[in-house]
Amino acid sequence: MSEERVASLRNRWFTTSVGLAAAIALVGFLIGFLWLPLAQPGERFRGVWDAICSAAGLLHTPASSEQIVAADHPTTRVEVIPQMLDGADAVSIGRGATLALRCTMCHGARGLSEANSPNLAGQYSIAIYKQLVDFKTGARVSAVMAPLAADLSESDMRDLAAYYAYLPRLSDSSAIHPPRIVASGAPLRGIAPCGACHGEVGAKAGAAWLEGQPVAYLRTQLEAFASGARRNDIDEAMRNVARAMTPQEIDAASRYYAEHP
Amino acid sequence: MLNRTRRVLVTLLTGGSAVWTGKRLVLAHFWFAFAGFGGALLLGEWQMFIRSPLAAWIGDPELYYRSVTAHGTTMAYVFPTLVAMGFGYFVTEQSLKRPLIGLHWAWFGWALAVIGTIMVIVPIALGRASVLYTFYPPMVGNAFYYIGFVLVVVGSWIWVALMSVNLYRWKRDNPGAPVPFPMFATVAGSLLWGWTAVGAALEVLFQIIPVALGWRDTIDPGLARVLFSWTLHAIVYFWLIPSYIAYYTIVPRAIGGRLFSDTMGRISFALFLVVAMPIGIHHTFEDPQVGAGFKYLHSVFTALVTVPTLLTVFTICASVEIAGRLRGGKGVFGWLGALPWRNPAMLGIALSFVMLGFGGAGGIINMSYQLDATIHNTQWITGHFHLIFAGAIVIMYFVIAYDTWPHLTGRGLDCLGLMRAQLWLWCIGMIVLTFPWHWVGILGMPRRMAFYDYTNPEIAREAVPVIMSVIGGAILVVSAVLFFIVLLCGQTAPRSEPEAYRFSVAVRPPRRVPAALNGLGLWLGLMIALTIVNYGFPIAHAIATPGTAVPAIMVGERR
């Protein structure tokens, strides 16, 4: 081809376009990384390099005065991942069945309670495992459960979770229309639909399957979350929700889940 | 083979005007694109209705998010990509005046896009991929959804490669001759897409698909958002480019004028290539993982995108003025009245400019770090990109379809009244849809929610504008129905041999073009260099920072 070379310092198009692009980037850099950060009255930079690093998005190392404040009560140590308990085998379920013999007094022979304590049959294994760990560490307080969970080993808790998840749930035959708080929540009070995490609309890892649980249990737990007596919920999700709920909504949600096995 | 030889012979004998091997290819692209558009439009209007005060709260919000995902995925990835591909093949044959090189590859690319679209839609319909078209990790849906997306992109990359191959071969056979402007612009658009799709492709291939297939449990949403922003803004310019090509190469010819400046056109498209890429982080202004300095830098380059758009507005207005004066218009404004307003191309570009003006003004607010804080993630944003894309850009897709249809079908298309009604309704519907959206966005209405409690005094005043938007959407549905009627009229009209297709001719047709404006190497180099300057550090930093991955949330796993 007889065309002139583009990538050459003698080509005015090349020098002008590259020069302009570089100049704009440079001026933008000077303003964005030097002038603007240093002009912020609230920022305390230790020199120019610190300002540049901050503008680039590098994390500030906390000064020694900024100590992390520890909670004054035990917090959960369970990091919930949706796949964390996948792949439980028959041995694990069998061991869980044996261990569960000591739970039958309250939770029923096949995981179905007749004593207003939660039904565990068919409950998500992550929910059971997390509550057991929290009872053991004291993140969730219960005079009954704490001594029972105290000497459970890690594998005991996994086996129990696997066993109860394996048991059949109460069968779902009714078709009750869910109340608004369950189906839609209350958007302006920051309440997500109960059903978004606890079944009906969706399910989130760590959240329990609520359908068929005793109404007294559900109501007590919502009230405990609201008052702060129970505080082992992840990221305070349930405390924030329950605090914003009216007593009527607590009642409606508890009744709906209890009557909808 | 024999047929093809004969066609080439005919071409040679008639001086290269009757070249046309890709009619069915282009029609296949257009029909598939418009079919997707029609379906997704109905979903959009349903969404408008179901979240308005006219309907009871939706019992299962999941259905709403399914619909949003299907609407967005189809409208953002399938519809404009297929239009750009089909129009690109059309421009290649008509402007280079020779058969498309790689026709079989082009059909293969189309097939990939079709298969990919089906793979995308099925998991969405089953509720297994309600992740919205922006993916939003740590939400992760069914792997088929993402694999389908990759197939659509790979199909379009075949088009990207074919555009460059055709240009390269033509230049080799015509040394020193100026590349026809429509082809220059089309290749610029294809290269822009080729590069801008890389960001989302990296995100999907290396971050999301391994999780969707169960090989990994965690994902870094910050990195994913930065990579997606690489694609998210320049993709808009990729959508825009067929419309801009129509501004420059169809409208002046269709209304009997001349293109004011061929050089100005080339500079505009070259600038789009350079400044469309290093700006995407203005989509992550509120994201903590990106430093304020880079946000500012991207803001600066976003401001520069106004330059090629203003150059285009100036050039096109001047070209239209030439048409007005050639038709006898006199005086400072007299030429406006002399314009052929009953011509769909004239009407289309005028309405497109109106929407581009309002949408562009809104965009300047979005790109400002400070002003964005007010409207970030509100309905304002939805209003903005509908006005620009669904309005200013898509109305020109209609004009492209109307202008090329007789040449694709070999049948006349003369229902001008229907076309005008369709274009008017599209513009009116889009304004009635988006202006109230902008307003409720300023009032603070969040986007992408399945229901709103309009009985609450805090948001009760958003109810009326939302109802107006529903009406705007209904007008758009009517307009789309008219559009399909026009196309079907064209498919069933009696056969007629249209004259050879022509693009606009410049006032001074180029005899020699500077090498920098006769190829795209320089601009491609600048595009890549600026991408590295503006994205290199944020991406490297996100990869190098430990402890940023979070557990993936599998969408639609269990209920």
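Predicted model: local features only at pLDDT ≥ 70, side-chain atom pairs only at ≥ 80, totals over all residues.

Residues are numbered from 1 along each chain as its sequence is written, while chains are lettered from A and ligands numbered from 1 in the order in which they are written.

**Where the two chains meet**

- Chain B brings 39 residues to the contact and chain A brings 33 residues; two residues are in contact if their C-beta atoms, placed from the backbone, lie within 7 Å.
- On the side of chain B that touches chain A, the elements giving two or more residues are helix 3 (61–96), helix 10 (292–304), helix 18 (515–518) and helix 19 (521–544) of chain B.
- Helices here (H or I, at least four residues) and strands (E, at least two) are DSSP runs, numbered from the N terminus.
- Helix 19 of chain B supplies the largest share of that side, with 8 residues.
- Sorted by class, the side of chain B that touches chain A holds 23 nonpolar, 9 polar and 7 charged residues.
- In this sorting, Ala, Val, Leu, Ile, Met, Phe, Trp, Tyr, Cys and Pro count as nonpolar, Asp, Glu, Lys and Arg as charged, and the others, Gly among them, as polar.

**Domains of chain A**

- Chain A is assigned domain 1 (12–56), domain 2 (90–166) and domain 3 (180–258); such bounds come from an automatic or database domain assignment.
- The C-alpha centres of domain 2 of chain A and domain 3 of chain A are separated by 21 Å.
- Their contact takes 14 residues from domain 2 of chain A and 12 residues from domain 3 of chain A.
- The side of domain 2 of chain A that touches domain 3 of chain A has 5 nonpolar, 6 polar and 3 charged residues.

**Domains of chain B**

- Chain B is divided into domain 1 (19–239), domain 2 (256–338) and domain 3 (340–494).
- Between domain 1 of chain B and domain 2 of chain B, the C-alpha centres lie 24 Å apart.
- In this pair, 17 residues of domain 1 of chain B are in contact with 17 residues of domain 2 of chain B.
- On the side of domain 1 of chain B that touches domain 2 of chain B, helix 6 (181–212) and helix 7 (221–249) of chain B each supply at least two residues.
- Helix 7 of chain B gives the largest share of that side, 9 residues.
- That side of domain 1 of chain B divides into 12 nonpolar, 4 polar and 1 charged residues.

**Two helix pairs in chain B**

- The axes of helix 13 (residues 344–366) and helix 15 (residues 379–409) of chain B come within 8 Å and cross at roughly 160 degrees.
- That makes helix 13 of chain B roughly antiparallel to helix 15 of chain B (angles over 145 degrees count as roughly antiparallel).
- Axes are lines fitted to C-alpha atoms, for helices over the stretch in contact, and angles run from 0 to 180 degrees between N-to-C directions.
- The contact of helix 13 of chain B with helix 15 of chain B has 14 nonpolar, 8 polar and 1 charged residues.
- Helix 3 and helix 4 of chain B have axes that come within 10 Å and cross at roughly 175 degrees, and these two helices of chain B are therefore roughly antiparallel to each other.
- Residues making this contact include B:Thr69 and B:Leu82 of helix 3 of chain B and B:Ala113 and B:Ile121 of helix 4 of chain B.

- The peptide bond from B:Pro137 to B:Pro138 is cis, with omega near 10 degrees, and B:Pro138 sits in the loop between helix 4 (103–125) and strand 1 (139–140) of chain B.
- A:Asp235 is not a glycine, yet has a positive phi of about 55 degrees; its place is in the loop between helix 10 (215–227) and helix 11 (237–244) of chain A.
- A:Asp235 is exposed, with 7 other C-beta atoms within 10 Å.
- A residue is buried if 20 or more other C-beta atoms lie within 10 Å of its own, exposed if 12 or fewer, and partly exposed in between, with C-beta atoms placed from the backbone.
- B:Arg448 also has a positive phi, near 60 degrees, and counts as partly exposed with 17 C-beta neighbours inside 10 Å.

Note on methods. Parallel < 35°, antiparallel > 145°, perpendicular 65-115°, else oblique.
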